[in-house]
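Colleague: I am new to reading protein models. Please take me through this one, a step at a time.

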Amino acid sequence: MEIRRLVSIIDETFGRIDRPGEPPRRRVAIIAVVKNPLAGRYDEDLTEMMKMGEQLAYTLAEKALQYVERGRVESFVKAAIVGVDGEIEHAAALIHPKFSVAVGQTIGGGKEIIPSTKKVGGPGTMISVQLQPPTGSAAGSLHLDAMEIRVPGAPRPDEIVVALALAESSQPQSSAGEPAKLAVAGQGGAG
């Protein structure tokens, strides 16, 4: 696996308008720009991409732990942008199915499926990702959020941009109020 770049985005929200959030909410995206070994050629066997994705997941998750606390991560998403000499299936193989397991083993969360998004694009392509709890989690709407991810100059035609984004805790001072917090805890409340 050839990693050409690693980019980190750290976004901390300390509150909304004039209301502080305690503790601040941290969203992090760890992004790798990797060479696509299948760029420009067709191959039905995507095993190489799946193995590469698993290795990449460990790398990105370990890097993420420099910015987030393992026990506070509540929302995840994984994403990939394939350069135009690749196929959308290359992204699917990279971020499924072993990617989620590797992230879960590193950060926590077991074997839940981490939501994902993928597309094909050129240098500077933006991808909007929705941070949400892993599939099967009881967390509710306070944990839903979105981030825009873009790496200037990437992906080139033979590259893939792969991102792991996570958030600690729910949105500070959510306008949904206390009933939604109870729903997150599995105690009923607003839907």
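Modeller: Gladly; ask away.

Colleague: Between which two strands is the loop that holds Pro155?

Modeller: This is a predicted model, where local features need pLDDT of at least 70, side-chain atom pairs 80 or more, and totals for chains, interfaces and linings use all residues. Numbering starts from 1 along each chain, and side-chain values use heavy atoms, without hydrogens and water. Helices (H or I, at least four residues) and strands (E, at least two) are DSSP runs numbered from the N terminus. Pro155 sits in the loop between strand E6 (145-150) and strand E7 (159-168).

Colleague: Is the peptide bond from Ala154 to Pro155 cis or trans?

Modeller: Most peptide bonds are trans. Here omega is near 0° for the bond from Ala154 to Pro155, and that bond is cis.

Colleague: Does Lys78 count as buried or exposed?

Modeller: Lys78 belongs to strand E3 (residues 73-82). Leaving out residues up to four places away in sequence, Lys78 has contacts (heavy atoms within 4.5 Å) with partners including Ile95, His96, Phe99 and Ser100. Buried means under 20% relative accessible area, exposed over 50%, partly exposed in between (1.4 Å probe, protein chains only). Because its relative accessibility is 1%, Lys78 counts as buried.

Colleague: Which elements are among those that cover the buried residues of H3?

Modeller: In H3, 7 of the 10 residues are buried, so this helix is largely enclosed by the rest of the structure. The buried ones are Phe99, Ser100, Ala102, Val103, Gly104, Thr106 and Ile107. Their cover includes H1, E3, helix H2 (88-95) and E7.

Colleague: At what angle do H1 and H3 pack?

Modeller: Among the residues that meet are Met50, Gly53 and Ala57 in H1, with Phe99, Ala102 and Val103 in H3. The axes of helix H1 (residues 47-64) and helix H3 (residues 98-107) are 8 Å apart, and the angle is about 30°. That makes H1 roughly parallel to H3, as angles under 35 degrees count as roughly parallel. The value you asked for is about 30°.

Colleague: What share of the protein's residues is buried?

Modeller: The protein has 191 residues in total. Buried residues make up 40%.

Key
Axes fitted to C-alpha atoms, helices over the stretch in contact; angles between N-to-C directions. Parallel < 35°, antiparallel > 145°, perpendicular 65-115°, else oblique.
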